[in-house]
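The sequence and the structure come first.

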Amino acid sequence: MFEGGELRLVLLHLINAEPRHGYDLIRAIEGLSRGVYAPSPGVIYPTLTLLKDMELVGEPDTTDTQRKLFAITEQGKALLAENAKVVEGLLRRLAEAGEIRERTDAAPVRRAMQNLKSVLFDTLSPGVDKKVVLDVAALIDEAAQKIERLRS
């Protein structure tokens, strides 16, 4: 999803909004992409360590959580301001990935196919009348033809 340095900017953007811990950042990115992309802890935590080493983030003065929170530093804010257009593009990329998924998500079709499978197993039990089998086959053929015409 991100190339060199881009994830750092997204993390800085999110931390700028409020101090956050690693898993909160993972969930935030996943939310921005509507579930398309969730960086792994193995990517997030080394990046947070790098941001801390670069003095772009630090630990906030007060914390009432057991997890290590990261807060943006003045240097981090300056870098974020310098790269505002880049960050805007990265956030747009995450949102667009989510929009594409929503447009192309076939979950309703998978659900309908499972429903069809269940009904077929129930209806076509051993000893079913031959006419029922032929009627079911005709219905499936009709549905296939209608679906094929959707592409035209």
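A residue counts as buried when its relative accessible area is under 20%, as exposed when that area is over 50%, and as partly exposed in between. Ala137, at 34% relative accessibility, therefore counts as partly exposed. The model discussed here is predicted.

The protein is divided into domain 1, residues 6–103, and domain 2, residues 106–150. Between the C-alpha centres of domain 1 and domain 2 there are 47 Å.

Ala137 belongs to helix H7, which spans residues 130–150. Pro108 is 29 residues from Ala137 along the chain, and the C-alpha atoms of the two are separated by 22 Å.

## Packing of H1 against H2

Helix H2 covers residues 22–32, and the axes of H1 and H2 are 11 Å apart, at an angle of about 100°. Angles of 65 to 115 degrees count as roughly perpendicular, so H1 and H2 are roughly perpendicular to each other. On the H1 side the contact is formed by Leu7, Val10, Leu11, Leu14 and Ile15, and on the H2 side by Leu25, Ala28, Ile29 and Leu32. Sorted by class, the contact of H1 with H2 has 9 nonpolar residues, with no polar and no charged ones.

## Packing of H1 against H3

H1 runs over residues 6–17 and helix H3 over residues 41–53; their axes come within 10 Å and cross at roughly 80°. Leu7, Arg8, Leu11, Leu12 and Ile15 of H1 meet Val43, Ile44, Thr47, Leu48, Leu50 and Leu51 of H3. The class count for the contact of H1 with H3 is 9 nonpolar, 1 polar and 1 charged residues.

What does Thr47 touch beyond its neighbours within four places in sequence? Its contacts there are Leu7, Arg8 and Leu11. Thr47 is a residue of helix H3, and it counts as buried because its relative accessibility is 13%. A polar atom of the Thr47 side chain lies 2.7 Å from the backbone oxygen of Val43.

## Phe2 and the segment before H1

Phe2 is located in the segment before H1. With a relative accessibility of 17%, Phe2 counts as buried. Not counting residues up to four places away in sequence, Phe2 touches Leu7, Val10, Tyr37, Leu90, Arg93 and Leu94.

## The loop between H2 and H3

Two residues of this loop are described here. Ser33 has its place in the loop between H2 and H3. Is Ser33 buried or exposed? At 0% relative accessibility, Ser33 counts as buried. Apart from residues up to four places away in sequence, Ser33 touches Leu94, Ala97 and Gly98.

## Positive phi values

Most residues other than glycine have a negative phi. Arg34 is not a glycine, yet it has a positive phi of about 55°. Glu55, also not a glycine, has a positive phi of about 60°. Glu55 is placed in the loop between H3 and S1.

## Phe70 between the strands

Phe70 sits in the loop between strand S1, residues 57–58, and strand S2, residues 71–72. The relative accessible area of Phe70 is 5%, so Phe70 is buried.

Which residues does Phe70 touch, not counting those up to four places away in sequence? They are Ile15, Pro19, Arg20, Leu48, Lys52, Val57, Gly58 and Pro60. Ile15 and Leu48 also take part in the contact between H1 and H3. Gly35 is 35 residues from Phe70 along the chain, and the C-alpha atoms of Phe70 and Gly35 are separated by 23 Å.

Note on methods:
Residues numbered from 1 in each chain as written. Predicted model: local features only at pLDDT ≥ 70, side-chain atom pairs only at ≥ 80, totals over all residues. Heavy atoms only, no water. Axes fitted to C-alpha atoms, helices over the stretch in contact; angles between N-to-C directions. Helix = DSSP H or I, 4+ residues; strand = E, 2+ residues; numbered from the N terminus. Contact = heavy atoms within 4.5 Å. Nonpolar A, V, L, I, M, F, W, Y, C, P; charged D, E, K, R; others polar. Buried < 20%, exposed > 50% of the residue type's maximum accessible area, 1.4 Å probe, protein only. Polar contact = N/O pair within 3.5 Å; in protein donor to acceptor, adjacent residues only side chain to side chain. Domains from an automatic or database assignment. Parallel < 35°, antiparallel > 145°, perpendicular 65-115°, else oblique.
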